[in-house]
Amino acid sequence: MRKIEEEEIKENWPSAVEGDLEHPELGFIHYWTGEQRGRIVLRFSYEGQAEGESEKMFFINLSQEAWVLSHISTFKSQDSKLKLMKIQSFKEQDELIKKYRSLIDLFLESRKKRNHF
């Protein structure tokens with residue numbers, strides 16, 4: 001399987017908003033996000049991130065009190081095109097959500113602060 005380049009992802013998700021956060025343990029985190037009617041899509045990249053994990057997309061539903069992970073997808077190269085494929089493994093999803101929960105919380109907290117002004 002060939003490595004997916006950052007430019008390919010940007011071409012396939014041109015409406016993504018980019019930004020940066022500082023995580024207390026991981027350092028600077030670059031993110032891409034999109035939002036529509038209480039649904040958010042997030043993607044993260046940071047130094048030292050496991051290979052292939054920057055291609056993971058977290059689909060989140062928001063409520064007044066909390067957030068709920070809808071699913072996680074990943075970019076895959078298929079027939080010379082980039083496709084977004086839903087991760088079917090519950091084990092893999094559980095591992096990813098445990099690993100990225102603090103990043104998602106940090107993003108949502110910063111989003112809440114930005115939206116209050």
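This report describes the nonpolar cores and the strand pairing of a predicted model.

## The largest nonpolar core

The largest nonpolar core holds 19 residues, and those that touch the most other members are Leu42, Phe44, Phe58, Tyr100, Ile104 and Phe107. Two or more residues of this core come from each of the strands β2 (27-36), β3 (39-46), β4 (56-62) and β5 (67-78), and likewise from the helix α2 (90-115). The largest share, seven residues, is supplied by α2. As a general background, nonpolar side chains in soluble globular proteins tend to be buried together.

Phe107 can be followed in more detail: once residues up to four places away in sequence are set aside, Phe107 touches Leu21, Tyr31, Thr33, Ile40, Leu42 and Arg114.

## A second core

Apart from this set there is a second, separate core, which consists of ten residues and has Ile4, Trp32, Met57 and Leu82 among them.

The strands β4 and β5 run antiparallel and are joined by seven bridges, and the hairpin that links β4 to β5 passes through four residues. Within this pairing, Asn61 has Val68 of β5 as its bridge partner.

Note on methods:
Residues numbered from 1 in each chain as written. Predicted model: local features only at pLDDT ≥ 70, side-chain atom pairs only at ≥ 80, totals over all residues. Heavy atoms only, no water. Core = buried A, V, L, I, M, F, W, Y, C linked by side-chain atoms within 4.5 Å. Buried < 20%, exposed > 50% of the residue type's maximum accessible area, 1.4 Å probe, protein only. Contact = heavy atoms within 4.5 Å. Pairing = 2+ DSSP bridges.
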